[in-house]
Amino acid sequence: MGKPTGFLEFERLSEAYAPVEQRLKNYKEFVVTLTDEEASKQGARCMDCGIPFCNNGCPVNNIIPDWNDLVYRGNWKEAIEVLHSTNNFPDFTGRICPAPCEAACTLNINTEAVGIKSIEHAIIDKAWENGWVKPQPSAVKTGKKVAVVGSGPAGLAAAQQLARVGHDVTVFEKSSRIGGLLGFGIPDFKLDKAVIDRRVEQMQAEGVVFKTKVLVGDKNLPAGINNDATEVVSAEALKAEFDAVILAAGSEVPRDLPVPGRELKGIYAALEFLIPQNKEVQQGIANPINVKGKHVIVIGGGDTGSDCVGTSNRHGAASVTQFELMPMPPESENKALTWPYWPYKLRTSSSHDEGCSRDFAVATKGFVDDGKGNVKALKAVRLDWKDGKMAEVAGSEFELPCDAAFLAMGFTNPVGSLLDAFGVEKDARANAKATTDGEGCYRTNVDKVFAAGDVRRGQSLVVWAIREGRQAAREVDAFLMGSSVLPR
Ligand SMILES: Cc1cc2nc3c(=O)[nH]c(=O)nc-3n(C[C@H](O)[C@H](O)[C@H](O)COP(=O)(O)OP(=O)(O)OC[C@H]3O[C@@H](n4cnc5c(N)ncnc54)[C@H](O)[C@@H]3O)c2cc1C
Ligand code: SF4
């Protein structure tokens with residue numbers, strides 16, 4: 001610990017945002033990274049507690065106290081080395097991780113947590129600026145070939161780890177770009193796509209081969225919400241050509257809302273809106289859904305709902321309302337009960353701050369037709385929640401103008417056709433069945449086929465996908481070589 005009294009002297013400092021009116025004019029990132037002096041003071045707040053709960057709260061077990069101390073002392077180069085030792089892509093997590101580490105920070109018991117994520121962001125941005133992030137190609141080649149299906153954070157982390165120990169890795173991706181939901185899904189204002197592309201270049205220099213617009217599976221089966229594929233590779237062909245296959249195909253099936261009027265024009269799954277918007281910003285292909293001047297209702301909270309709110313406001317929607325089925329959470333948690341775990345509390349995203357009316361304990365009952373097959377209003381009812389059970393409040397039905405509705409109620413499971421094509425057994429939630437601990441972890445029931453990320457654990461977070469990709473890589477390496485030097 002650099003400064004024993006740091007936590008008494010310095011306050012938590014959050015990263016600043018560009019003003020709302022400015023950021024709504026474009027899709028650019030708007031978070032202002034901490035200056036060196038700010039990051040140093042923030043690092044000085046870390047007490048390097050004997051038991052670093054933050055390290056346990058972070059799914060990739062980032063060695064947070066060490067790099068906090070290094071940043072406090074201005075030793076940024078060593079800080080990025082420590083950070084990269086546990087996390088392949090701190091540039092992704094430093095931008096969009098919800099930071100469960102901060103909930104677990106000891107300071108968070110009775111004051112405000114260290115701004116861990118903001119320090120992580122500052123370290124990786126400085127590392128790129130200074131040219132410290134370099135390809136690390138393996139000095140020796142094993143001659144083993146590994147296929148990775150899916151180029152989201154799980155697939156990328158697995159591919160990078162495996163290439164660095166000398167395997168020949170090919171990543172297959174059905175979209176026209178690499179990145180999974182980071183590339184097409186999460187808006188550019190949260191994650192600039194150049195951040196992904198420079199990692200792709202780094203990995204290419206490490207020997208990873210990327211094949212976009214290639215669908216793995218069967219062209220006659222459903223391919224998921226975004227399919228740009230012009231080529232199909234069968235599961236059998238992949239198994240025949242490669243020594244191991246990692247399925248990192250995400251969890252793409254959206255939860256639907258089967259209420260009267262669902263079939264009307266103007267009601268979309270969130271990614272039907274967000275993916276074309278990414279393509280418009282990145283590739284200049286116009287989004288067929290434009291909500292300028294429209295009354296938008298987003299159904300469902302969470303990151304996906306927030307991203308629909310932020311994108312609708314950038315379109316210039318007349319109004320944006322977000323409905324949540326659950327009651328409004330408390331503004332702040334009871335820390336005595338929740339620390340060091342992720343607390344249940346009201347979370348207000350930067351997109352909410354840009355303009356959004358939020359309504360809680362509301363259920364959608366149906367949509368109203370304008371007579372031409374378009375949605376013109378949404379019918380809802382208020383809910384009373386008692387002991388975890390909900391009941392409709394009699395007489396509380398109401399109608400709200402609605403020209404566009406986005407369903408952002410999460411994703412239920414991966415596209416089954418890929419798992420079926422490989423003959424992979426599914427768990428009770430229709431995810432690929434594989435454990436994460438013990439012998440044979442990350443392995444499916446099919447010989448030499450592994451699974452990692454949302455395809456295995458269900459809809460989750462980028463940081464969990466990176467963890468699973470890294471851990472699966474270790475298992476694949478051990479499977480191919482008899483043992484592995486890769487970290488778990
Ligand atoms: C709108 C939105 C916002 C989000 N915001 C956040 C956030 O702010 N912070 C956070 O931590 N998490 C966020 N998440 C969750 C996060 O993006 C995911 O948990 C994470 O991307 C999962 O990584 P993955 O590698 O397992 O799968 P994915 O990122 O889903 O990648 C899977 C890839 O596999 C490809 N694929 C699928 N099937 C095939 C096939 N048959 N052949 C070839 N390719 C195939 C897909 O095209 C996709 O590119 C968000 C999710 C969404 C939808
Ligand atoms: S990856 Fe997420 S949980 Fe881990 S240190 Fe970074 S912000 Fe915290």
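Reader: Is glutamine 160 buried or exposed, and how do you know?

Author: The model is predicted, so local features need pLDDT of at least 70 and side-chain atom pairs count only at pLDDT 80 or more, while totals for chains, interfaces and linings use all residues. Residues are numbered from 1 along each chain as its sequence is written, chains are lettered from A and ligands numbered from 1 in the order in which they are written, and side-chain values use heavy atoms, with hydrogens and water left out. Buried means under 20% relative accessible area, exposed over 50%, and partly exposed in between (1.4 Å probe, protein chains only). Glutamine 160 has a relative accessible area of 1%, and therefore it is called buried.

Reader: Which residues does glutamine 160 touch, and what makes these contacts?

Author: Contact means heavy atoms within 4.5 Å. Leaving aside residues up to four places away in sequence, glutamine 160 touches Asn88, Phe89, Gln202, Met203 and Glu206.

Reader: Why is the pairing of glutamine 160 with asparagine 88 called a polar contact?

Author: A polar contact is a pair of N or O atoms within 3.5 Å; within protein, one must be able to donate a hydrogen and the other to accept it, and residues adjacent in sequence count only if both atoms are side-chain atoms. The side chains of glutamine 160 and asparagine 88 are joined at 2.9 Å, so the distance falls within the limit of 3.5 Å.

Reader: Which backbone atoms lie at such distances from ligand 1?

Author: A backbone N or O atom of isoleucine 96 is 2.8 Å from a nitrogen atom of ligand 1. For leucine 181, a backbone N or O atom is 3.0 Å from an oxygen atom of this ligand. A polar backbone atom of leucine 461 is 3.4 Å from an oxygen atom of ligand 1.

Reader: What makes a set of residues a nonpolar core?

Author: The term denotes buried Ala, Val, Leu, Ile, Met, Phe, Trp, Tyr and Cys residues joined through side-chain atoms within 4.5 Å. The largest such core has 71 residues, of which Trp67, Phe92, Ile123 and Ile246 touch the most other members. Apart from it lies another core, of 20 residues, including Val214 and Leu419.

Reader: Which residues come nearest to ligand 2?

Author: A residue is near a molecule if one of its heavy atoms lies within 4 Å of it. Of the 13 residues around ligand 2, Cys58, Asn62, Cys97, Cys101 and Glu120 come nearest.
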